[in-house]
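Dear colleague,

Please find below the structure that I am handing over to you. A summary of the findings follows it.

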Amino acid sequence: MFRKILVLTLLAALLAGCGPAVAATQSPSTAAPIHVQTEAPTAAPTVAPTPAGVTLTDGLGREVKLASPAQKVVSLAPSNTEILFAIGAGSQVVGRDEFSDFPAEAKLVASVGGSMGKYSTEQIVALKPDLVLAAEINSPELVKELEGLGLTVYYLKNPTTIEEMYKNLNIVGQLTGHDTTDLVNSLKARVAAVDAKIATVTTKPSVFYEIDAPAANKPYTYGPGSFGDLLIARAGGTNIGNTLKDAYPQISLEQIVASNPSIILLGDSNYGATAEAVKTRAGWSGIAAVKSGQIFPIDDNIISRPGPRLVDGLEQLAKLFHPDLFK
Amino acid sequence: MLRIENLCVDYGLRRVLHDVSLNVQSGEVVALIGPNGAGKSTLIRTVSGVVPARSGHVHTNGDDFRSLTHIQRARYLAVVPQAVSLPPAFTVWETVLLGRTPYLGFLGQPSQADEDLARRALERVHALEFAERRVGELSGGEAQRVLLARALCQSTPILLLDEPTAHLDLQYQVSLLQLVYELAHHDHLAVLVALHDLNLAAHYADRVALLVGGRIKAIGAPREVLTSELISDAYCLPVQVVEHPLSGGPLVLPG
Amino acid sequence: MKPTPFFLVLLALGLALILSLAIGSVFLSPVELWDALRGQGIQTAMQILWDIRLPRTVLVALTGAALGGSGAAYQGLFRNPLADPFLIGVASGAGLGAVIAMSVKWPYSFWGLMAIPMAAFVAALLTVFIVYFLARVGQTVPTTNLILAGVAFSSFATSLTSFLMLRSTGEVRRALGWLLGGASQSGWTAIIAMTPYLIIGLGILTLSGHALNLLQFGDDQAQQLGLNVGRAKTVMLIAASLATAAAVAFSGIIGFIGLIVPHVMRLWFGADYRRLLPLSIIGGAIALLVSDVIARVVLAPQEIPVGIVTALAGAPFFLWVLRRTKNQGFW
């Protein structure tokens with residue numbers, strides 16, 4: 001009896017191994033037919049569709065082909081939504097994830113879900129997009145699922161530097177038929193301006209950036225490898241979290257006290273954290289930033305969302321760290 | 001008939017049955033008596049195959065039980081355990097039908113013949129009227145009779161009962177043992193019944209086996225085994241054995 | 001076995017299947033649905049029905065069936081009303097395997113995407129294996145030992161999983177979504193991969209009703225009645241674990257179905273496992289289908305992880321059934 005079951009189990013394992021052959025012959029092509037819309041022109045200049053279409057390799061190594069720039073885009077991440085609107089493709093966005101809240105017009109676009117990583121594929125399909133723009137917060141399984149439904153998906157990998165962010169802007173520009181040269185140039189100029197002033201700086205204030213503090217003596221901060229860490233350094237500050245190992249580590253109160261930061265940034269001000277509350281925390285009163293009152297709320301989205309607002313973040317940080325240089 | 005030869009059983013490092021030999025012929029009731037912890041239940045569990053024996057043999061009609069499959073053994077030997085912690089949701093009918101397991105196919109689907117047997121078994125123990133009741137609703141006596149009916153369904157030549165009268169009122173003790181007596185003498189089963197009540201044993205058994213500390217101290221007719229020396233020794237309590245006024249058999253009284 | 005319970009239950013299954021196909025976050029009118037079913041609807045409706053809802057319905061039904069069936073089997077094997085398919089560690093093992101696999105950057109290919117469910121599946125079976133051998137005493141595997149070893153190992157695996165999740169905050173979102181349950185791998189791949197294990201596992205369990213009935217009287221009595229207790233328990237344990245592991249690997253950890261569905265079926269239709277097992281299999285499918293519809297619709301377009309719905313809806317429903325049948329039903 002037992003042996004029979006063993007044999008059956010092995011047979012089943014073989015059967016399951018035949019799965020890929022079946023699935024491979026069933027998977028449809030990734031490119032969906034594109035219809036060029038005759039819409040009213042948007043504010044930003046659009047590039048005439050080139051005869052050759054757009055062929056790019058996305059962040060998952062997939063080849064993505066569009067016969068002409070996408071006119072109906074579903075964005076699966078807030079950062080993608082911000083990029084789309086920033087490059088002038090806002091009117092081409094037909095669907096966005098639940099958490100896309102910038103710019104304000106984005107909130108008027110239909111939501112397709114997204115908390116806990118669960119999107120309504122039905123909604124996405126019903127919107128009939130010619131492009132779905134995914135980000136690193138979306139799982140490869142989701143990309144595969146949408147691909148399997150015949151949608152064209154582009155997975156935009158997170159940039160690790162500001163320069164890579166410009167590249168992402170260019171990519172999205174190509175995908176949606178917008179020239180991003182001017183935008184990128186203006187961003188570059190702003191960054192260069194900050195760089196120039198920071199180059200003259202002699203002392204860099206030590207900074208503690210609080211992402212979230214569910215437990216007041218073990219808050220989360222930015223570590224090496226995160227954009228927050230990068231921006232703080234570029235803005236002429238020293239991130240006390242830089243000495244830790246992870247990109248989003250927890251830091252203990254002891255370590256904060258030992259580093260004695262002169263500036264505290266509250267990334268969790270969006271969730272109600274205030275400078276007053278920090279001052280009352282037990283054990284925090286001896287920290288330089290608390291004593292001098294240098295505790296500032298900051299919108300974490302401009303520090304963490306990998307889009308053009310990172311430049312806003314850089315500028316705000318630089319102003320906070322070196323107010324004398326940035327009147 | 002049942003032949004137990006030189007059975008030795010260990011629980012871990014402790015020997016609980018020493019060289020136990022005992023025969024039970026068809027058509028007789030052998031009562032197994034002895035103080036608690038003597039090994040009565042262990043003996044029954046070992047004979048029925050639940051507890052492995054360190055050494056010794058259990059035969060019937062030439063077949064050594066060790067060479068039999070579970071199903072074959074279940075066709076030779078049925079056990080009536082004590083009616084405690086039975087699953088309350090099963091009906092009496094469902095419970096008794098389970099006795100036909102050794103003869104049912106893999107799926108356990110009873111045939112008409114199986115059902116007739118079950119019905120007759122229930123009639124035999126006078127439990128047919130509550131066949132649709134759930135086991136959880138039965139009294140101790142009723143449940144014990146149901147288990148006896150189940151054992152009867154197994155249609156075995158050998159019947160083992162493990163203290164079936166414990167927890168029963170006197171009238172149920174008597175009616176049950178009366179039935180057991182009939183099964184041996186009219187249906188020619190070989191019956192081994194572990195009992196704690198010495199006088200019931202004296203009354204209903206053809207032979208009595210006294211088990212003390214895992215060893216058989218005496219086997220024989222009730223008057224031969226139920227003597228004041230043997231019983232006082234076994235139970236560490238002075239007893240008097242007198243003649244039963246009605247049956248003439250031995251009557252054990254403390255003191 | 002009387003035909004009536006099966007008729008009722010199959011009818012309910014049919015209704016649940018229709019419900020699952022008819023309802024989703026995009027509203028399709030009955031006319032649109034009917035057209036799409038016949039292959040004549042508008043493209044969007046056809047795509048939603050055939051490519052999204054149909055595979056999802058099948059996957060959810062299969063998962064629910066696996067959980068209901070193995071839940072009934074576990075309750076019978078362990079003679080414990082609190083037993084569920086995750087008692088001896090399948091869920092925590094699967095979770096650990098999945099989270100470990102999630103920390104690796106797999107290539108975007110068929111096998112790369114199968115890596116996580118496969119890791120979960122293997123880890124789940126490995127856990128049962130380990131727990132089984134931890135609980136063994138000589139030739140037998142006492143049920144108490146199994147439960148203790150299972151609970152201990154589960155705690156260990158769960159803590160390790162939480163620890164790993166804390167260490168890589170980037171993956172926490174993905175891991176949490178997986179752990180809370182829900183059809184993450186949709187499409188026919190998951191269904192094709194799961195089905196052989198479900199057929200084997202649930203098939204064996206359906207045929208094991210008689211053995212389970214015998215086991216309710218205790219190992220001793222079951223053996224005395226002719227059952228090879230050790231072998232029967234091992235086979236059933238393997239079968240139940242195969243079905244559960246396959247379900248968990250593709251649908252994450254969904255609680256309450258395996259615990260409550262067998263109880264409801266027992267209260268309504270009796271304790272005979274020959275009937276209880278197939279009824280629990282079908283009942284599990286119905287329960288999960290209904291829960292999944294709720295999960296998709298209540299906060300549309302947001303989808304709640306179905307594990308949350310089963311917990312929130314399952315417990316009150318069970319209490320309601322219990323009250324309706326008090327004094328009639330027995331464990």
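I begin with the arrangement of chain A. The C-alpha centres of its domain 1 and domain 2 lie 32 Å apart. Please note that this is a predicted model. The domain assignment of chain A places domain 1 at residues 27-179 and domain 2 at residues 188-321.

The two domains of chain A do meet: 12 residues of domain 1 are in contact with nine residues of domain 2. On the domain 1 side, the elements that contribute two or more residues are α3 (78-86) and α6 (162-176) of chain A. The largest share of that side, five residues, is supplied by α3(A). By residue type, the domain 1 side divides into eight nonpolar, three polar and one charged.

Next come the contacts between chains. Two pairs of chains touch, and the most contacts are found between chains A and C. Chains A and B, by contrast, are joined by no contact, and their closest C-alpha atoms lie 11 Å apart.

Chain C also touches chain B, with 20 residues of chain C in contact with 24 residues of chain B. On the chain C side, the elements that give two or more residues are α9 and α10 (219-224) of chain C. That side of chain C is made up of eight nonpolar, nine polar and three charged residues.

As to confidence, the predictor assigns the complex an ipTM of 0.91 and a pTM of 0.84. For chain C, the mean pLDDT is 87, and 93% of the residues reach 70 or more. Within chain C, confidence is highest in helix α9 (residues 209-215), at 95, and lowest in helix α7 (residues 169-179), at a mean of 69. Where pLDDT is low, the predicted coordinates should not be read in detail. Helix α9 of chain C, with the highest confidence in that chain, is also one of the elements on the side that touches chain B.

Finally, I draw your attention to one residue of chain B. B:Ser67 is located in the loop between β5 (63-64) and α2 (70-76) of chain B. Is B:Ser67 buried or exposed? B:Ser67 counts as exposed because it has 8 C-beta neighbours inside 10 Å, and a residue is exposed if that number is 12 or fewer. B:Ser67 is 113 residues from B:Val180 in sequence, and the two are 29 Å apart in space, C-alpha to C-alpha.

With kind regards

Terms used
Residues are numbered from 1 along each chain as its sequence is written. Chains are lettered from A and ligands numbered from 1 in the order in which they are written. This is a predicted model: local features need pLDDT of at least 70, side-chain atom pairs count only at pLDDT 80 or more; totals for chains, interfaces and linings use all residues. pLDDT is the predictor's confidence in each residue, from 0 to 100. Helices (H or I, at least four residues) and strands (E, at least two) are DSSP runs, numbered from the N terminus. Two residues are in contact if their C-beta atoms, placed from the backbone, lie within 7 Å. Ala, Val, Leu, Ile, Met, Phe, Trp, Tyr, Cys and Pro count as nonpolar, Asp, Glu, Lys and Arg as charged, and the others, Gly among them, as polar. Domain bounds come from an automatic or database domain assignment. A residue is buried if 20 or more other C-beta atoms lie within 10 Å of its own, exposed if 12 or fewer, and partly exposed in between; C-beta atoms are placed from the backbone.
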